[in-house]
Amino acid sequence: MTAAPLVSVRGLTIGATTDAGRKVKIIKGVDFDIAPGEIVALIGESGSGKTTIALSLMGHTRTGCEITGGTIRLGDDDITAMDERARSGLRGTAVSYVPQSAAAAFNPSQRIMQQVIEISAIHKLMPRPEAEKKAVELFRALALPDPETIGHRYPHQVSGGQLQRLSAAMALIGDPQLVIFDEPTTALDVTTQIEVLRAFKSVMEKGGMAGVYVSHDLAVVAQIADRIIVLKGGEIQEVGTTQQILDAPAHPYTQELLAAFEPVPHELAQIEHRPHERPILEIQHLYAGYGPVRNGEPQLKILKDVNFKLQRGRNLGVIGESGSGKSTLARAIAGIVPAYRGNILFDGREQHLSLADRSKDDLRRAQMVFQLADTALNPAQSIEKILGRPLYFYHGMNSRQREARVIELLDMVRLPAALRHRLPGELSGGQKQRINLARALAAEPELILCDEITSALDTVVAAAILDLLKELQRELNLSYLFISHDLSTVESICDDVLVMYKGEVVEALPAAQMSRDASHGYSRLLISSVPQLDTGWLAGLEQDPELVAAFSDR
Amino acid sequence: MSEKSLSLRLPTPRNLGYSFNWVGRIGLMIILFWGAVAIFGPWLTPYPVGEIVDWDYFGPMSDKFWMGTDYLGRDILSRIIMGARYTVGISLASVTLACTGGVILGMVAAVAGGWFDTGLSRLLDAFNGIPSLLFGLVVVAAVGSSIPVLVLTLAAIYLPGSYRFARALAVNVNTMDFVTVARARGERTPYLILQEIFPNILGPVLADLGLRFVFIVLVLSGLSFLGLGVQPPNADWGALVRENIEGLSLGAPAVVFPSIAIASLTISVNMFIDNLPTKIRDRSE
């Protein structure tokens, strides 16, 4: 690296105090440098301390944490030795931050321009007209549509990808030397992610700014970072240039991270496929939507004429971007959002469209697992209670039977039995998702509707959950309806795939032939948008501009 | 096994796995103190509550009358001790009724939604529009003043507010995925409100209960002032303040001590509710 690093971190330790008065170390002695103009990625699973380190570069720690040792130098300033007043002088002008959720970072009641130029007003950098002119230049550099007028809109009037680029403009307006990106594309669709990544990359290259890019997605990081720091448990596992980490990972954890990326081809269901057998789930001409019902039709129509069959023991994947209606499909099948027209046949028997009219036994056979395990588990109930309820509700077990079965279920999802006394808030993301799955298994279902269950998880954890799903399928003869926006996930677990776009199924084909045989334009766009583990992928990616224009509202 | 080893140690909050800070402990101690005074009042009073025992009015603190005497020359200490029964008892009973009713209705309305929610909300809103003292006046004038009537009237005045508050909280929890999971499982309303929603709104509901308790103490004294509350010669603390208000210009302890009693009770209730014991979840010690 160059002689004088922009950022130099030495022996950084960050600690917190628990409610029992015990001190824990979150970051255990981290050293690294960032050269001017260099983009360094911090990669690791959740809880590895990557965001904590990134925030500490601004001298900020989350409530309850504090920097307990080491030094952080930014240019000539020693951030660790400064008082809070001096640090806030640096924020926005020397170092700035792009948050994970732009939607949560913007004030919904102020116009975008007002918020973007706020930094220049706080630090009195330049008069307002000049700041607005600069903001418009940044909007142009970030490839935003209507750069002249987009600033007059309110945050809800632009799309998620645009908002994320606007939050980058907000961070760049003070000409910082260092920009911290905290998982800025994790919440975006793959097709949107490309645009945002491109914009970030070009604007950082032009400005010659240094960046810290926090992510758990190696493929994304490979497109934008010069160097990668791999973290686990608050310690640095490996540091290297991006190419070196991808080609020759030295540390076992890095190798594991890379291995989780290789799509494991799904073996077709072993069970003999008999065409005369009744499908476990058959959907005929399903229409569903939300809002007040008029003339038997809801105001906001989402699903339009969806048809498919799912054979017993096989898995069906549903892909599409957010807003394509894939979650609504799962909810309509489960009866949570009653369909207003169409038929749902379960094992050949027609089901009531609303769950209120279905029998307990029919409800038991099809269980749904939700995307966000954080909100799908009641934070006030212990794991034992959460898993015990379906056992009592569907099977009428007494408390001793329940306890034995809960331990069995925890074992099924590879969790220790002692976990049953904890609250959901005390588990990691992967553990919570396993509990979420165990609750569905407690009902002894035949079909599990999985709504984006791996999307909020880290790659390694998600791969483990997928392995678990496959194993459970072999043992319990389950069928999955697997909803995801991640193609490699769907490829690794499903036999057949439905591609959804704006509430309609645009294509249905076997998963193994998806990348080769997809013929519909939208399917092809979706497939080509999945980031590859290759540093040159984004630069070399050529998408048909007409296709992009036709299928995205950017 | 762990239970056995626990019984050998002192049952302090920490040994039972709870952390309970000093502010909360002080609050609880004051509440327990007033509770004890309310229960054992008749055995504690130095003088009968309605008897004029001093020739002077608004007498100062003395060996004979620890908290001075009131506008008729009655002993204030005795009157505060007996007043604790009315203030603590009536307020506690009505706040319990108001919050239990309001929270249950609020949760049911949030879960049921539709016309039930709309109908109940409008009805209670309309009820909320009636001025509380006026309502009390009408009820007491119609059926006469007695302690059950006071308790029910105060509960009725504060139920709509509690309902609104609980409903607003429950509506938020009701949209969470775990409630959807329970619905998809086929659970009925009683399970949904008691097991899924109630534990998640408990904190704010308790804080609301503390505030409402304070308001009820104040409205009760307002009613007493109008002669509709506790009937003389008995008096609750609010009534003691009102009847001795002229002593304020004389610096009489007769008006200061009932005020201190009200303040200590209401503040300690809030101190306790804001600092309830919390279970220590960090078990890796």
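**Annotated spans of chain B**

In this predicted model, residues 133-159 of chain B are 89% helix and 0% strand, with end C-alpha atoms that lie 15 Å apart; helices (H or I, at least four residues) and strands (E, at least two) are DSSP runs, numbered from the N terminus. As the model is predicted, local features need pLDDT of at least 70 and side-chain atom pairs count only at pLDDT 80 or more, whereas totals for chains, interfaces and linings use all residues. Residues are numbered from 1 along each chain as its sequence is written, while chains are lettered from A and ligands numbered from 1 in the order in which they are written.

- UniProt (unreviewed entry) places "transmembrane region" at spans including 133-159 and 250-273 of chain B; its positions follow the numbering used here, feature names are shortened, and annotations may be inferred rather than shown by experiment.
- Residues 250-273 of chain B are 88% helix and 0% strand, and their end C-alpha atoms are 36 Å apart.

**Sheet of chain A**

- In chain A, four strands form an open antiparallel sheet in the order β2-β1-β4-β5, where two strands pair if DSSP finds at least two bridges between them.
- Its edge strands, each pairing on one side only, are β2 (23-34) and β5 (77-78) of chain A.

**Contact between the chains**

- In all, 17 residues of chain B are in contact with 22 residues of chain A, contact meaning that C-beta atoms, placed from the backbone, lie within 7 Å.
- On the side of chain B that touches chain A, α7(B) gives the most, with seven residues.

Key:
Contact = placed C-beta atoms within 7 Å.
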